[in-house]
Amino acid sequence: MLNRIIKNIIKKLSYSISIMLGGITLSYAAVIPPDIQLAEKQEIVRNNGSEPASLDVDKVEGNVAINIINDFFDTLVSTDKEGNVEPKLAASWETKDNKTWIFHLRKGIKWSDGTPITAHDVVFSWRRLTDPKSLSPYGSYFVDASVVNAKEILAGRKPAEELGVKALDDATLEVTLEKPVGYFLQMLAFPITVPISEKVVEKYGNKWTQPEFFVSSGAFKLAEWRVNEKIVGVRNPYYWDNKNTVINKVTYLPLSSDISDLNRYLADEIDITFTIPL
């Protein structure tokens with residue numbers, strides 16, 4: 001028993017150190033070699049540290065909610081462990097002056113309810129984030145990115161409709177900056193920039209995050225939310241990269257105790273801890 005505990009602790013420490021030193025991020029998708037046989041049950045249980053106050057991207061604050069947002073939604077772009085920008089919902093992008101950016105969304109991308117994801121959803125989402133009425137903890141995000149009029153909108157001097165972002169058509173987004181920002185693309189990899197469904201939010205208001213109304217763009221969709229017990233995400237069949245998704249179900253537990261976190265890991269009740277056991 002003691003040897004098993006020691007091996008598990010070493011395994012967890014090695015994994016945690018690799019994250020800190022190598023910049024590794026968790027992924028539920030992979031290209032599986034043809035000679036590899038996966039286990040029949042592909043499910044993960046992870047401790048998420050505590051209960052999220054909300055799953056509304058414009059209300060979240062801190063890693064507890066952002067961990068889940070990151071699994072349920074895709075940004076336009078992402079970055080690899082070397083910091084290179086990679087396509088996600090956007091298939092490609094271009095700029096001539098580093099101030100006006102054009103993003104081309106992937107063809108046929110859909111929300112988890114099967115409806116199309118459009119550039120209009122991105123415009124709606126970014127306006128909502130910046131609108132002072134949303135009271136978002138990250139409301140200044142596009143101010144920091146120097147998006148045109150973001151500062152004036154956040155201060156209440158201009159309407160959100162004047163944010164420097166517009167849909168040229170359903171699949172093409174134009175973003176205009178006040179000045180060139182060398183790390184602009186990297187900023188778009190942060191989960192707070194994910195688009196949400198305009199139609200769903202307009203229809204259900206603040207109730208849109210309830211499981212029966214919730215729609216997502218990422219590998220998982222919300223299946224169950226029992227407050228202070230668990231949140232369950234199941235595989236999203238409409239996800240653009242679903243063919244490479246490996247995990248079918250993710251359960252998030254709100255364990256705030258580091259001791260409980262470690263003990264349940266050692267008992268094989270969870271697969272990913274929230275903290276690094278030392």
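Which strands does helix H3 lie across?

1. Helix H3 (residues 119-130) lies across S5, S6 and S7 and runs at about 170° to S6. Contact here means heavy atoms within 4.5 Å. Axes are lines fitted to C-alpha atoms, for helices over the stretch in contact, with angles from 0 to 180 degrees between N-to-C directions. Helices (H or I, at least four residues) and strands (E, at least two) are DSSP runs numbered from the N terminus.

2. The model is predicted: local features need pLDDT of at least 70, side-chain atom pairs count only at pLDDT 80 or more, and totals for chains, interfaces and linings use all residues. Residues are numbered from 1 along each chain as its sequence is written, and side-chain values use heavy atoms, leaving out hydrogens and water.

3. The open sheet has four strands in the order S4-S5-S7-S6, with antiparallel pairing (two strands pair if DSSP finds at least two bridges between them). Strands S4 (90-95) and S6 (165-169) stand at the edges with a single partner strand each, so one side of each has no neighbour in the sheet. From one strand to the next, the twist averages 25°.

4. Within this sheet, S5 (residues 100-105) and S7 (residues 172-176) run antiparallel and are joined by five bridges. Trp101 stands opposite Val175 in S7.

5. Glu94 belongs to strand S4. Not counting residues up to four places away in sequence, Glu94 touches Thr100, Trp101, Ile102 and His104. The C-alpha atoms of Glu94 and Glu174 are separated by 9.9 Å, although the two residues are 80 residues apart along the chain.
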